[in-house]
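Please examine the sequence and the structure shown below before reading the explanation.

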Amino acid sequence: MLRSRGLRLTAQRQLVLRAVLELGHATPEQVHTAVREVAAGVNITTIYRTLELLERLGLVTHTHLSHGSPTYHAAGEHQHVHLVCRDCGAIDEISPEMLRPLADQLAGQRGFQVDIGHVALFGVCGRCAQDGEPT
């Protein structure tokens with residue numbers, strides 16, 4: 001895809017894309033850590049620029065799962081809603097169809113089109129709730 005758009009498939013771009021694919025859900029900092037295991041000279045600015053390019057090309061997408069950095073994952077994956085546990089930090093996924101009734105209601109009543117692929121719901125996972133950990 002890069003070559004078809006007149007861009008080179010550099011080693012750094014390939015390493016960043018591979019890290020996103022292998023990590024599943026990863027912040028730029030996590031991608032940077034993974035890439036540095038193979039290429040120690042790659043800096044965080046290069047990671048951010050490469051992720052932005054890969055997103056413009058439609059190869060990765062991001063979601064904000066916390067107040068910090070965005071979390072990237074492969075764009076070719078099925079769309080999903082993220083469930084983020086505030087206690088242990090676990091990230092789970094559900095089908096966007098579970099939110100379809102709400103999305104349809106928002107579209108009908110307010111004309112608002114929900115980008116379900118960027119939705120993250122925060123709460124407490126079943127394991128933490130069962131363990132009685134505080135929220």
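The following paragraphs treat the sheet and then the nonpolar cores.

This is a predicted model, in which local features need pLDDT of at least 70 and side-chain atom pairs count only at pLDDT 80 or more, while totals for chains, interfaces and linings use all residues. Residues are numbered from 1 along each chain as its sequence is written, and side-chain values use heavy atoms, with hydrogens and water left out.

Helices (H or I, at least four residues) and strands (E, at least two) are DSSP runs, numbered from the N terminus. Two strands pair if DSSP finds at least two bridges between them. An open sheet of 3 strands shows the order 4-3-5, and its pairing is mixed. Strand 4 (91–94) and strand 5 (120–123) each have a single partner strand and stand at the edges, so one side of each lacks a neighbour in the sheet. Strand 3 (residues 81–85) and strand 5 run parallel and are joined by 4 bridges. Within this pair, His82 has Ala120 of strand 5 as its bridge partner.

A nonpolar core is a set of buried Ala, Val, Leu, Ile, Met, Phe, Trp, Tyr and Cys residues joined through side-chain atoms within 4.5 Å; buried means under 20% relative accessible area (1.4 Å probe, protein chains only). The largest such core has 13 residues, of which Val16, Val20, Val31, Val35, Ile47 and Leu51 touch the most other members. Helix 1 (11–23), helix 2 (28–36) and helix 3 (44–56) are the elements that give two or more residues to this core. Helix 1 supplies the largest share, 4 residues. Apart from this core lies another, of 6 residues, including Val81, Ala103, Ile116 and Val119.

Conventions. Buried means under 20% relative accessible area, exposed over 50%, partly exposed in between (1.4 Å probe, protein chains only).
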